[in-house]
Each structure stands twice: as structure tokens, then as C-alpha cells.
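Welcome! Please open the view below and keep it beside you as you read.

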Amino acid sequence: MDREKGKNAVINLNEEDENCESFSSSEEEFISSETIEKNYPVDDMDEEVMNMVFDSEEDAYEFYNLYGKLTGFGIKKADVKISQDGTVQYRKFACSREGKRHERYYNLAQRIRQPRPETRTGCLACLRIKHDKASEKYVVMNFVKEHNHKMASKSSIPYLWSHRHVTDADYAQVRTMKMAGVKTSQVMKFFAMQCGRYGNVGFVLKDLYNRVDKERRVLIEAGDAKNAIAYFNGRKASDKSFIFEYDVDEESRLKTLFWADYESQLDYKCFGDVLLFDSTYNVNEYHKPLVVFSGVNNHYNTVVFGTALVSGESVEEYEWLLHTLTKVMGGRKPKAVITDGDKAMRRAINNVFPDARHRLCIWHLMKIADAKAKSNVFKSMFGRMMKKAYPIGDLEEEWFAVVGKCGLRQNKWVEKIFEMRLLWAESLLRDTFFAGMRSTQRCEQMNAFLKQYLKKNMRFYESVIIHELALTHLRHTGAKAVYETEDTIVVLAIALQKLEKHASEVYTRNVFFRVKKHLNRQGLYDCYERKETWNGCIFFLKKYADDRTWTVELNRRTLSLKCSCKKMEWKGLPCAHMFRVMLMENMQSIPKSCILKRWTCEAREEADNEVLEGRQEIYAELVQTARFGTMTSICKEMCFFASHMDDGFARVRDIVIKETNNWRRAWVERGFDCGTNGRLAADSKESRLSQYYVKDPERTRAKGDRFIPIKTKLLSVETVG
């Protein structure tokens, strides 16, 4: 090196860990070939290696590492000399057991932990290369092949550091499997089965955990909240219809985050008349609940209208969410809302949706009743009142009778819940359309499904990505109902075939089976009286061996039917009493007044025909993932057959290596960056983060955490008021 000009720099990379002392060569030892030859005579060198020429430093490393793997030792990068323009002028690749640990680390007086085993023996085996300016290649200066230690056995080689590496191709497969909910340890088993045994994988389980953790840290190094917002902005850039909103607190920390894609907006437009509103917990490391707005579509499947992450579950935050939901959905508000009874949630609904009918979840009420009343008799009566339509007088009479019988007159919860009967009594809710739902069971099912993917140690950004996958899977499974409706024909099975056929043509398949159930039951009812009116007739029906009676009003001018059971109002489907009257009136089809469009095959037809300007269905990241999966599947079969034949193995290997190098060069030339998972470097997320001044939320303790009984205090005396 020319010290006076200072054009070159020497960097010592010979240290293995903090307890190790470097034994690298000094500058003067590798300045000239004369010095090298003096210390390491050429006669002792392998002539074939000495004559090798490499295109790059990486090629030399790959060669020496492969040589070490075949011989039984690991290597490491040691001394390097870099010119001012960044070109590596000199590099030393040493045996991984070069150097020795300093004596002072053997005799620590205050040692707490057991010292790590010694791995260095002062081995001098190495390969030295230098840059040749004339040819722009790297030539070998020195090669020492003798080691002062025993070579590693075949079973030990996979554990040597230089032979353990999770490649980008491996991690692409790992990332896809992780997104599908596969655990890291199970991914490792998959690789072992794919390669034949663990020793052929090329890395160990710890390496895989480290790579996953490294990639995770890269994703969130600029800030978890910033990454989530940047991701949503990327979604919005590729899909103009995608909507997200967020709010921050006084310290600029993320407070609330709401998002909804185009599919959710269409679902809300068609089926947002009934809204299920529930929170789930333990889905991120901040202990912030995930709020899912959901409902039921015309196939009786669960649909998600929007998703949100909130900080404190306060009235203000819930109001912000409901206002945001209303705004992004074009100002449309639901007619009915079902919740688990959370106090803040109920107040927010009353403030934002004052005209919506609110109902408490029957499942949560039964759970609380079991804990508060501790009476099976009361619980049985309570359940009947939430499911059956009692006359108001009979409801109150039976309530007080059972409460007195069970000794619950002084129970404050029982007293309070009766005052809230407008929120749970079937008799008082029967005239409102709830799509046949009495509970947030669909929310609970959705939450349980999400928890297969979302974990309590996830960051916001990760939970957002995984939520997209879970939502895609939910919609994929729901697509089966669409197929059955569009591509199958119902086989008529009852005597009233014209009504049955009309129902099968109008309703979706899942709804048709519910309608057919009532069509079959119409024969159980008898009309014991008829009363003609100026525009129709009133039919009085009773059921065999049942004292109850029902009345059905028929308007012959409009062909409208109205039954006292109010199933049409509550569920939107014609009841058995209506079908009995249709039969008596010789109707050949179901009147239009008895067909609610949201249950028909045409419920989404108008919305599906809408085309939003600039909308793109497929996102670049999903396309890349799909392409990778496709190519992996295609190559597996080829590799299987070629691996059984020597010539096949050699030919396929050469083709793959050649094409890999070609596409690696194309990758660089087109501006891709490995650190951005295949995105163009110019469009990488990091280049956009600076515009979002949002801090990560604080980690808090939510009421739904596992160390607090879930939902047990939602309807306690303190919260029902």
C-alpha cells in the first residue's frame, strides 16, 4: 500500500466475536508478491489454484467456500484492501478456525455464564486474491491448503457457518408459507422433506428463524405505523377505489386506522342494512383490538364491510370509526346493528346511528346470565324470550314469576337487564329486519378465523398484510355458494313444484333451502276462519296440536301478504303461513311483495356492473407471489425426473445456473432491489415513508387480553347502564 498517497484502506474482518483476538496479517505482509513468496514458498502451493482467475470477489469466495465444503472446513472473509473508488484491491479468505481467543477471556474473575466453546486453533490455511488492473480480473496471490486441525466429518459440515445460508429463493418460499399461516419449524420440516434430509437443506432451523426475524426488522425499521400507512398508500395507488383513514393522538401516535377495499364497499352497498360490530383481541403486540364490521350477503355467507385497529375502545374512538364508515360508504347508514353489549360501543351507536335498531348478542347475554344469575331455570326462560315472540303481557308475567321462583328479585343484574329488554326481547324486536340474526356469531367465527393467522406478537404492519390474506381466503370459500347458484339446477322434490321452482329461480341456493323449509311446513296449518275486506281477505290459521293462532292479511289488488308472525319483517323471507295462503289462493308464483331483493340472485347485479375509473384488481405483490408459486410447481416435476439420471441432472443444473445468472443480471438492470421484495427500487416503500409523520402506538393492556376474563364484564351492573 502507498501510505503517503492514502488511496487504499485496510479493513480487518478477521474477528469472529468480541471474545476473540485478531491474528490478521499486517499491511507489510501482503504489499508485494515477494513478501508473500518469502513467507509461503510457491513450491508448497497448488499450481492449479494459483493459476485460477475470477471475474469478481464473490466468485472467488464461492470457489473457496465450495472447496472448503468438499474438504471439510468453513471459511470467512478476512483482510481486505479497498481503493478510493470502492474497488476491492486485495482480499483474504481464511479458514474459519484462524486466530485464537485472547488469554484474558479465559480467566475472568467475575464470570457469570459458562464460556463458549473454543472454535479457533490458529489455522493458517487461506486463499489470497488481488485485482489485476490490466484484465479487470482477480488473480490468486497465495493459497495455503494445510490445516492444523482435523477436517469436519460429513455430518458436521452442514453446521459450519459459511455453508449455512438462506438464499433469496429459499426465503421467497418461506415467506409464502408464512403468509399461509405455516409455522417456521414446520417450514423447516418441509424443506427437509423436499431435500431428502436436513443435511441437504443448506441451513439449520436457527438460520431460518434469524432470516425471518431479519426480514421482519427490515420491514418495520422505519416505523410500524409508517409502514402500515405506506402499504395502504401503495394499495390506493394501484386501486383507486381502495379507502383507508387514520387518526393520531396529541403525540402523533397512531390512534385509529380504518380500511376497506372495493369488494367491501360493494358488499356494504348491497347488504349494509344489518351491521355486526365486534372487537377481537390478542392480534398484535400493542394489545390493540381489531374491530371487524361484517354482515351477511345474499348467499347467507359472512362478508366484511371494513376493518379497523383502535387504541382505547373509548366512545370517541368508536364514534370516529362509525363516522368514517359512513363517510367512505357514501353516507349510507345501517338500519340495524348487533353488538356484544359493550358500553362505549352502544353509546357510539346511539350517537352516530340514532335511527338504527340496536340488538344485543344472544350468545353473550346467555354467557353473562350463566355467570350472574346462576340458575338454569332462569337461563332457560331468558333464552326462550330472546328467541320466541311472546305477547308483551305474557313476557312480563312470566319474567317476574320465574325471577321470584329463582330468588333473583334482589339481583341487580337481573333487574338491569330487564330494563334493557328493548335490546334483546324477540317480541320487541320482531318488526325490525335483522336478516335472521340474533347474535354476533358471524363476527366470532370471523375473529376465530383471523386468529389462525394473526398472533399476539405481530406488529401492525404484519397484521395488516395477514388480514388481507385471511379476507381473500374468506371470499374464496364464499365463492362456492355463487358457483352452486349459477351452475347447478335444483331437483324439485315437493308437490308444490311451481312455487318451489319459482323460489329456486329467484333466490340464491342457500336462501332457497331456508325458503323451502317453510314451503314444506305450510301443510301443518289450517284456515279455520276467513274474513273478506274491501281490498282482500284476512286468513286465520292454526297449527295442529297447538293453541296459537296466526293471521295473514292479503291485498288482492297489490298481491301483498302480511303475517302476524312477522318473519317477513324480521328475516325478509315468506313464512309457512304465507305459503298456506298462496296455496289457498292458487298462486303459481311467489308475489313480488314477498321477495326481498337482498336475498335474490340479482342482489349484486347492479353493483357488479359498476366500473370505477382507474381500478386495478390485481396488485403487483400478489402477482409476484402467484408467479413464484406457479414456476415452483412447474419446476418440481422436471427436477424429480432429472434427478434420477446423471445426464438429466447435469443438463438441468447447467440450464438453471445459466438462466439464474441471466435473470439476476436483468433484475439489477431493471432497477429491482432485493431489500424491497421485488419492487422497483425507485418505487420502494422506504422512499415514501418520510412523508408520514406517524409514531407507533404505545403498548397497552386491553380488556380482552388473556389475563382478563374475556367479555365477562361487558354486561355487568357497572356497564349495562
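This is a predicted model: local features need pLDDT of at least 70, side-chain atom pairs count only at pLDDT 80 or more; totals for chains, interfaces and linings use all residues.

**Aromatic pairs**
- The structure contains 31 aromatic pairs.
- One of them joins Phe-378 and Phe-382, whose ring centres are 5.7 Å apart; with their planes at 20°, the pair is stacked, because planes under 30 degrees apart count that way.
- You can find Phe-378 and Phe-382 together in helix 12, which covers residues 376-387. They sit four residues apart, or about one turn of the helix.
- Phe-378 has a relative accessible area of 0%, so it is buried, the limit being under 20%.
- Phe-382 likewise has 0% relative accessibility and therefore counts as buried.

**A link between two helices**
- Phe-382 also forms an aromatic pair with Trp-413, and this pair is edge-to-face. The ring centres of Phe-382 and Trp-413 are 6.2 Å apart, with 90° between the planes.
- This pair connects distant parts of the chain: Phe-382 belongs to helix 12, while Trp-413 belongs to helix 14 (residues 412-419), 31 residues apart.
- Both Phe-382 and Trp-413 are buried.

**Charges over rings**
- Arg-164 lies over the face of Trp-161, at 4.4 Å from the ring centre.
- Arg-598 lies over the face of Trp-599, and here the value is 4.6 Å from the ring centre.

- Seven strands form an open sheet with mixed pairing, in the order 9-10-13-12-11-14-15.
- At the edges are strand 9 (243-248) and strand 15 (357-360), each of which pairs on one side only.
- On average, neighbouring strands of this sheet are turned by 20° against each other, direction ignored.
- Strand 14 (residues 336-339) and strand 15 run parallel and are joined by four bridges.

- Helix 8 (residues 262-271) lies across strand 9, strand 10 (254-260), strand 11 (274-280), strand 12 (290-296) and strand 13 (302-310).
- Relative to strand 13, helix 8 runs at about 120°.

Technical notes
Residues are numbered from 1 along each chain as its sequence is written. Side-chain values use heavy atoms; hydrogens and water are left out. Rings of Phe, Tyr and Trp (its six-membered ring) pair if their centres lie within 6.5 Å; planes under 30 degrees apart count as stacked, over 60 as edge-to-face and the rest as tilted. Buried means under 20% relative accessible area, exposed over 50%, partly exposed in between (1.4 Å probe, protein chains only). A charge sits over a ring if NZ of Lys or CZ of Arg is within 6 Å of the ring centre and within 35 degrees of the ring normal. Two strands pair if DSSP finds at least two bridges between them. Axes are lines fitted to C-alpha atoms, for helices over the stretch in contact, and angles run from 0 to 180 degrees between N-to-C directions. Contact means heavy atoms within 4.5 Å.
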